[in-house]
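Got the sequence and the model open? Here's a quick tour of a few spots to look up as you read.

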Amino acid sequence: MEQKNSVGLRRRLNPMHVWAIAFGCVIGWGSFINPGKKFLPNSGVAGTAIAMILGALVMIIIAFSYAYMVPKYPKAGGEFTFTKNCFGKNLAFICGWFLVVAYLTNVPMNSTAIGLIVDGLDGSADILKFGFHYTIAGFDIYMGEMLLAMAILILFGYLNIIGVQKAAFVQTVLSSLLVVCVFTLCLSGIFSAMAANATTAEIDAFAHKGTAGILSAILATFAIAPWAYVGFDAIPQAAEEFNFSFKKVSMIMIVAIVFGCFVYTSNNTVAAAALENWPERVMAGEWVLLVAAEELLGSFGKVLIGVGVSCAVLSP
């Protein structure tokens, strides 16, 4: 029987829904793009793995802080609610606006990423390159890309309007499909390496040669770990809608962070392991994970990346 708060939101989110929301917010298109843009050039393979694991540990410590606060203030609002109850309305007002600014930067980034994904998967098609508007920071802006981004925003806005349970179901499907894509790619990389009797030498230097050393390589990626894992804090913001014990909150957040760490580390390692000359591919500006997936699985690999990165973009 459906439970209700006396003066609050309906409790409709189960643990799987909440995990999907958190994991979907943690993993964005950067986990598929950054192996060639940031991780491999700055930190190599082991440097990135160590940095992301350390970042996950830091985020888990923060997650326990959230888990401590949720049972005390089980209302929607997350950090805003905590600040309001602990420090008063004035500081909560400041906290709320900082949250608004932070989240507003993610909305246009993820909605416009779909256009870039379409171009990356099949740059020769240019199906969105119509209705030229202007050029900014070296990028041409087209009406086709804008229409696609607006359509996605309207669709997901509508899903949230018609009910959190429907939105949570869609989020669960997208997050689960994302995990399946990454696991499939990871397993294909492992089996390919086993078949070729590959060794660690196949993925070249563990700390990229352009850095001053392994410590610098680790710190280069560890510095952006908070950005990489941001999103698991969506859990306390929906606390009023949980239909389960708050004792499970910490474990759900930890699982979401661990899965996020796996995705970042796996994508980066597969990109390097599948390409014999990945440093040259990186310097050439190629989408190295897409190229690696094609070399491992052919056209199916390209489809796998397309589905995975689309789910990553649409799931936040």
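This is a predicted model: local features need pLDDT of at least 70, side-chain atom pairs count only at pLDDT 80 or more; totals for chains, interfaces and linings use all residues.

**Helix α2 meets helix α7**
- Start with α2, which covers residues 30-72, and α7, which covers residues 214-222: their axes come within 7 Å and cross at roughly 65 degrees.
- This crossing is right-handed.
- On the α2 side, the residues in contact include Phe 39, Ile 50, Met 52, Leu 54 and Val 58.
- On the α7 side, you'll find Ile 214, Ala 217, Ile 218, Ala 220, Thr 221 and Phe 222.
- Sort the residues of this contact by class and you get 11 nonpolar, six polar and no charged ones.

**Helix α10 meets helix α12**
- Next up are α10 (residues 249-273) and α12 (residues 288-297), which pack at an angle of about 65 degrees with their axes 8 Å apart.
- Here the crossing is left-handed.
- From α10 come Asn 267, Val 270 and Ala 271, and they meet Val 288, Leu 289, Ala 292 and Leu 296 of α12.
- That contact has six nonpolar residues, one polar and no charged.

**The β1 and β2 hairpin**
- Strands β1 (residues 132-136) and β2 (residues 139-142) run antiparallel, and four bridges join them.
- To see one of the pairings, look for Thr 135, whose bridge partner in β2 is Asp 140.
- Two residues sit between the strands of this hairpin, and Ala 137 has a positive phi near 55 degrees.

**A closer look at Tyr 142**
- Tyr 142 belongs to strand β2.
- Is Tyr 142 buried or exposed? Its relative accessible area is 16%, so Tyr 142 counts as buried, the cut-off being under 20%.
- Setting aside neighbours within four places in sequence, Tyr 142 touches Leu 128, Lys 129, Phe 130, Gly 131, Phe 132 and His 133.
- Gly 115 is 27 residues away from Tyr 142 in sequence, and their C-alpha atoms are 9.8 Å apart.

**The cysteines**
- A disulfide is a covalent bond between the sulfur atoms of two cysteines.
- How many disulfides does the count come to? The answer is zero.
- Cys 181 counts as buried, with 6% relative accessibility, while Cys 25 counts as partly exposed at 24%.

Note on methods. Residues are numbered from 1 along each chain as its sequence is written. Side-chain values use heavy atoms; hydrogens and water are left out. Axes are lines fitted to C-alpha atoms, for helices over the stretch in contact, and angles run from 0 to 180 degrees between N-to-C directions. A crossing is left-handed if the near helix is turned anticlockwise from the far one by less than a right angle, and right-handed if clockwise. Contact means heavy atoms within 4.5 Å. Ala, Val, Leu, Ile, Met, Phe, Trp, Tyr, Cys and Pro count as nonpolar, Asp, Glu, Lys and Arg as charged, and the others, Gly among them, as polar. Two strands pair if DSSP finds at least two bridges between them. A disulfide is a pair of cysteine sulfur atoms within 2.5 Å. Buried means under 20% relative accessible area, exposed over 50%, partly exposed in between (1.4 Å probe, protein chains only).
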